[in-house]
Amino acid sequence: MIKTNIHCFHLLFSYLIQINLIYGQLVQKNIPDFFYNVDFSGPLFDQAVYTILSNFPVSTPINTEVFKFTVKPRTDDNQPSFTPRKYSNSMRTIASGSITVISNHPSFTVINLVNDSYALVSNISPLNYFSPFNRYLFQIIARQTIPTRPPVTSIAQVQINLENDNVHDPMFIPENQIFYISETAPVGIQFGTVYATDRDNDDITYTIDCVQFCIESSTGVLRLEQPLDSSSQSEYSLSVTATDSGSSCLLRPSCYKRTKSIDIRIIVTVVNTKSPRFLNEICANLNISRFPITFYVYAQDRGTPPLLSKNNATVTIHLDDSYEPSTARWLDARYEELSISITEKFYEDYTNQPIFDFDHGFNGSIMYELSSETPSIMTVSSPFSDNTNIPFRDTPLIRNGRIFSSGITVASGLHAEIQNVYLLHIRVLVNPPLIGAITITIKDENDQIPTFDIRSIVLSVIEQEHGNRTIAQIQAFDRDFDYHNSYVQYRLNQQLSDSEAIGKFHVESDGTIWTNTIFGKETSRTWYRLFITAYNDVPAWNSVIQNSQDFQFDIQVISINDKQPIFNNGSTAINVFIDETTVIGTNILNLTITDLDIDTNLNLGIFNGNIRNTFIFTLFADNSANSTRTQYEAIGQLKLVAPLDFELIQDYRLILFAFDTKNIAAINVTVNLYPQNTKAPYFDLMPGYTSYQYEVVDETSYPKLDGHFIQAIDSDNPKSLLHYEIYDNKHPSTLNNLFLHEINNQITIGINSPGLSRDFPFGNSIYNFAICVTDEDRSGVSSYVPVSIKVIDKNNKAPMPTNFPWIMKEGINSSIDMIFQDYDDPEEDNTIPYRVNIVSPSNFELTGSTIKSKVSYKLLYNGILNRTLTKNLTVTFNASDNKGFNRITSIPIVISDDFNTYPISNGSKTIKVIYVNSYQNSLLNIDLGSVYVNDLNDWYRADRLYSIRRVSRGQIFNVSNGILSTAETLEPGSYT
C-alpha cells in the first residue's frame, strides 16, 4: 500500500509594497513566481506620442481622419520581462482578450479600421481655435481585457496644433439694440455704439444706409447725419451689417469674409402709439368625407414676443355613421346640443330651482325615454378631467313608465368674469350611454367696480414746453364680462384734487390726461396732486349708484435736459490692470454716471481704442424706478467680450462716453494687460519635417547623436526657462540609457553603454519616443515632438544553444538534438553558416548541420550513461557565426532514467504561493507545485498513482502526475 504524503500549502496576501520587495527573487523550481510571470502593462501603441505639429485647420469637417495608428495586444511574446518563458501552464500566461481604444477628448473619436489598425477622426466642426494654447492636448486610452484578472490599460499622448480659419459669422451683442436721441440733438452728434464681435478674432467693419444716421466703420459709433424736427418720425429701424476682415484665414487659399446684419431701433420720443390688437383665427369649413379629422392645439402666451408652447395637444374627431337602434332617446332632439342663457345671479335669485331659459323655449325639464323597463339615472358632468368644481348638478329623477324627467340646478355662485360659458355633458347610464351636450352662457351683471392695478403714480412734465401735451393715459379694469357693464369712463375729481391743478390739467373720458400750461413760466409750483375717478355708466346690479374708484397722480415739474452727464464725480482718466488670461464675459470696470436731469435716457458706448471690438460698455443699472430721486444715477459696465493677447497688444486706450439724448460726456480708460503664460512652447523643426530622426549602431554608446540639435521656442513675453525630458510609455526600461545634454536652450541626445539593442528578444529596429518640453522650469505648459532612432545591426551576437531543456537518456552512445541560433538580424548576412566546436568534455561530439537561421546538430555521447551514477553533465561549446564572432557557452545536460521497481516512502513538502489582490482567480486550475514522494527511481516519480486522502478547511485539490492543483478559489491561510 502506498501512503499519501502530507502537504502544507500557504496562501500569502501581499500588498503593493511587498510586491516591490519580492520582485527581485529568483524563480524557484515548483513555485510559480507571480511577480516575474504576471505582466501589469497594457496594450502596445506604435508611438508614445502622436503629434500634428503642422497646423490643423479648425474648419476640418466632421469624421475627417487625423492620423492612423496601431495598438497590438500584450501577449507572452511581448511582455517586458527578461524571465525565460518555459512554464506552459503558469499563472502568467496571457490570453490576448479584447481591446477597446477610446479618446478622452469629446472633439475626437477613435474608429477601428481592421485588426490592430485604428484611426483618430474629428467629432465636431468647427474645432475651437481658442482652446488652451491653440491646440488640443489629450490622450488615447487602450484597454485590454484578460481572462481571470483585472483589465490593463495603456495611454498615448496626442498633441494637435490648430490653425485658425474664418468659420464664424460676426455676432452682435446684444441681438436687440435700442438707442435714444432727442429731436433737438444737433447734427453730427455721436450718440451710441453698435457692438459686434467675431469668434475668429477678426476685425469688424460696420455699414448702414447712411441717410438720417451714419455709423463709424471701425468703431460702430452712431452719428446723427440729418436734423430731427417735430415732423420727424418717432422711431427708426436701421439695418446694420458687420463684416469681418477674414484675417484669421488670410494664409488659406479659400479665405472669404463673413457678414451678419441686424435691425437696431433708434427712438426719438417715447410715445404710446401702439394700440391693442386681437389675434383672430378663422376656422375653415370641415368636409365630412375627411373624417376622422386630426389637428393640433398649441398654447400661446401674451408676452413680447408671443411664444408658443413646445408641447401640443392632439385632437381627433371621429364621425359616428352607425344606424343601430338606440336603447334610449331624448324626447327633445335639442338635448343633443342645447344652448341656453342664465343670469350670473341665478344662484342668488333661484336657489335649488332647475335652470331655465324661456327666451330659448327651455322650461328646465330634460326628458328621455328608454326602450325597455330597465331603470337608469342621468348625470351631469364636465367633459374635462376635473369635475369637482363645476357649479351644476342634476335634480332627482321623476319616472313615468319608460319616460324619465330630470333637470339641472345651480350648486354655487356664478361669476361671468371667471367663466362665462360652461359646456356640460348629460349622460343617461345605459349601454350604449345616451349623451347630450348643454352649453350654458352666463349673462353678466354689473357686480364689479372699476379697479386700478396701482392707486398712485408720480409723473413728470418738462418746463418751458408749449402747446397741448399729453401727460399720460390711465386705465382701470372692470372685471365685468359684458361690455356695457365693464365700460369705464374717467373724470377729474375736483373735490379731492389740488385747487391749483384744476384748470391746468384736463382729463378726457378715455383716461387721457393733458395740459397746455407752460410750466416754469406761467407757474412757480414744482408738483401737483390730482385724483382721477374711474366709473361705470350702468348702475350696480343691486343698486342705483354707479361703481367707481379713484387714482392719485403726483406730477413733478422738471427742468429741461440742459445738464451734462458726469463720470465718477468728474474723473477724466482711469487706469485698469487685468491679466491677459481674463475670461471672456468678465466685468472689468464699473463707472458711476450722474445727471441732474432726473428723467434721463442714457446711451453708453466706446468712441475709439476698442481694437477688434474687445470690450463693450453698457448700462448695468440705474435709479429710474425710484420716484423720490433728486438726480439720475446709473452704473455703466465695461466688459470683456474677446480674447486678449499681450504679445499683440499690451494696453487698450479707450474713450468711453455717456449720451443723455442731447448732452454727451466722455472718459479715458486705459486697460493694461499683465502678461501670463498663454503660449505653449513649440519645437523649431526644419521645413517639411514632423519629427527628429537619428541613426545609431546596435549596442553602441554615443556622447551625442549626429544630426540636428533639438530646440523649443517660448513665444511668451517675457520668456521663461524651458525644461526638456524624454517621454515614453512603450519601452521605458530600454530607454534608461538615453540622456539629454542642454546648452543655451539647445539639447542633444546621448546614449550610455550598452547602447540600444536591435536584436531579439528585447531589441527594436526603430525606437519611437518623444521629447517633452515644459516652460516655467517644469511648472508650466508642456509640448511634445516625436523622435525616431533607427538602430543599424552589427554582428555582436554569437550562436547559442536554444532548445532547453537538454535531456539525454541513460545507456550506450546516447544522443540528443542541439539547435543553435544567432540573434543578430539575419537580413544583415552576419549569421549563417555557423561553426560549433565542443570544448569539453572530450567524450561528446557534434554531427550534422543545416544551413538556415537555426542550425541543428546531433550531440553524441561516446560511452555509457547511468543516472544512478551521474544525474547531470556539463558540455561547453565554442560557437562562431559567418563573420567569425564567437562565444563559449556551457549547458547542463540531465541524464534520464530507465524505469525500475525501486520502493517509495513517505515525504513532506511546503508549497508557498504568493498572489496579488484581484488576481486570486489566476490560481485556478494551474500547477501549484509538485508533491513527489521519496523514490530512488526519481525520474519516474510523476508516473506513480496519486490520490488525495484528506484536506483541511474543506478545500478540494486534484493531483495528476505528481502536480497539485485546485478548481476552487483559495483564501488566505494554510491548507494541510
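Modeller: Happy to; bear in mind that this is a predicted model.

Colleague: Why is Asn115 called exposed?

Modeller: Its relative accessibility is 64%, and exposed means over 50%, so Asn115 counts as exposed. Asn115 lies in the loop between strand 6 and strand 7, and has a positive phi of about 50° without being a glycine.

Colleague: What makes strand 52 largely enclosed by the rest of the structure?

Modeller: Buried means under 20% relative accessible area. Eight of the nine residues of strand 52 are buried, so the strand is largely enclosed.

Colleague: How do you know that strand 52 and strand 53 pair?

Modeller: Pairing needs at least two bridges. Strand 52 and strand 53 have nine, in the antiparallel sense, so they count as paired. Thr774 stands opposite Ser782 in strand 53. Strand 52 is also joined to strand 49 by five antiparallel bridges, with His723 partnering Thr774.

Colleague: What makes strand 46 and strand 50 edge strands?

Modeller: The open sheet has the order 46-48-51-50, with antiparallel pairing. Strand 46 and strand 50 each have a single partner strand, so one side of each lacks a neighbour in the sheet. Strand 46 pairs with strand 48 over two bridges, where Phe683 has Ala712 as its bridge partner.

Key: Residues are numbered from 1 along each chain as its sequence is written. This is a predicted model: local features need pLDDT of at least 70, side-chain atom pairs count only at pLDDT 80 or more; totals for chains, interfaces and linings use all residues. Side-chain values use heavy atoms; hydrogens and water are left out. Helices (H or I, at least four residues) and strands (E, at least two) are DSSP runs, numbered from the N terminus. Buried means under 20% relative accessible area, exposed over 50%, partly exposed in between (1.4 Å probe, protein chains only).
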